[in-house]
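Subject: Structure handover

Hello,

Here is the structure I promised to pass on. Please open it first, then read my notes below.

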Amino acid sequence: MQNELNTAIRAAIEAGSEIIKIYSDPNADFKIEQKADNSPLTIADKKSNEIILSFLNQTPYPVLSEEGKSIDYSIRESWEKLWIVDPLDGTKEFIKRNGEFVINGVPELGVIYVPVKRTLYYGLTGYGAYKIENIDAKPENLSAENLRQFAIQLPIKREKRPFTVVASRSHLSPETASFIADLQQKHPDLVTTSIGSSIKICLVSEGNADIFPRFAPTMEWDTAAGHAIARAAGKEIYHTDRQTPISYNKENLLNPWFIVE
C-alpha cells in the first residue's frame, strides 16, 4: 500500500497548495453555499475535491468523498477497499480564517495536511505514523520514504505533563462537557485544549493529548484519515464503550459517538 500512500500524500499537498491561495487572499470570494444539512461549502472545498480526485482516480479503488455525489449502499457494500475523503475538513474554521482546517487523504492508511502550518501527518498500518513540519510543497518530489528522513515518528516521547483532553472548538456538546467533568475527578490536573477539525485526532496520535471525546455527530470522512494515523501510532478510535473500534463504509455513513485514546 506504499504506492497508495505516496499518491495520497501528493494529492493532499497539491490540494493544500491550491486552497491556501484562496485562504491567503484577503479579497478572495469564498463563494459560500449552504448544503442540505446547513453546513457551509466553499469554492475551496470544490477545488480541493477536484484535485484530490484527479490523483485518486488513477488508482484501482473507488472514492467516497464528502463533496462527491452520494453513492447507494447497494453499490458500496461490495467495496473491499476504498478511499474516504474529506477534501477540506474544518470548513467553518477555514471561513473564520483561524488556520484550523486540514486536507484529509484517506483506516489502513491516512494523510492529513495542515496548509497554514505546512504540517503533514501520514500513517500506514505496519509502516508507522509520522509528522513533518515546514514541508516543501512540491508533490512531484514527495514520497513517504523520502519524507521519512525528515519526519518525526509518532507518538513523540514527551516530558511529564498534565492529563490533556482535546475537544472541538465548534461542536462541544453537553454530553462531551459532562464526560470531561468526570475525567476531572480522576485527573485533578486535567487541562482542556480546544481546536478545530481532525487536528484533534493528530494531537492524540502524536502524544500531545491523552484523549479526544466526541459526543456529537460526525461523518465517516471526518475521521477516516485521522483514524488510520492514530492506529499506525498505536492509538485507536473507539465507540463510547472504549473497546469497540468504529468502522467505515457502513450503510449509514454517520459515525457513532466516539473516543480517541
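Predicted model: local features only at pLDDT ≥ 70, side-chain atom pairs only at ≥ 80, totals over all residues.

Residues are numbered from 1 along each chain as its sequence is written, and side-chain values use heavy atoms, without hydrogens and water.

**Salt bridges**

The count comes to 6 salt bridges (a side-chain nitrogen of Lys or Arg within 4 Å of a carboxyl oxygen of Asp or Glu). One of them pairs E206 with K131 at 3.3 Å, N to O. This pair links distant parts of the chain: E206 is in helix α7 (residues 199–206), K131 in strand β8 (residues 128–132), 75 residues apart. Helices (H or I, at least four residues) and strands (E, at least two) are DSSP runs, numbered from the N terminus. Both E206 and K131 are buried (under 20% relative accessible area; exposed is over 50%, partly exposed in between; 1.4 Å probe, protein chains only).

K131 also meets E133, at 3.6 Å, N to O. E133 is partly exposed, at 45% relative accessible area. Shared partners join K131, E133 and E206 into one network.

**A buried charge**

E4 touches Y61, W83 and L109, leaving out residues up to four places away in sequence (contact means heavy atoms within 4.5 Å).

Best wishes
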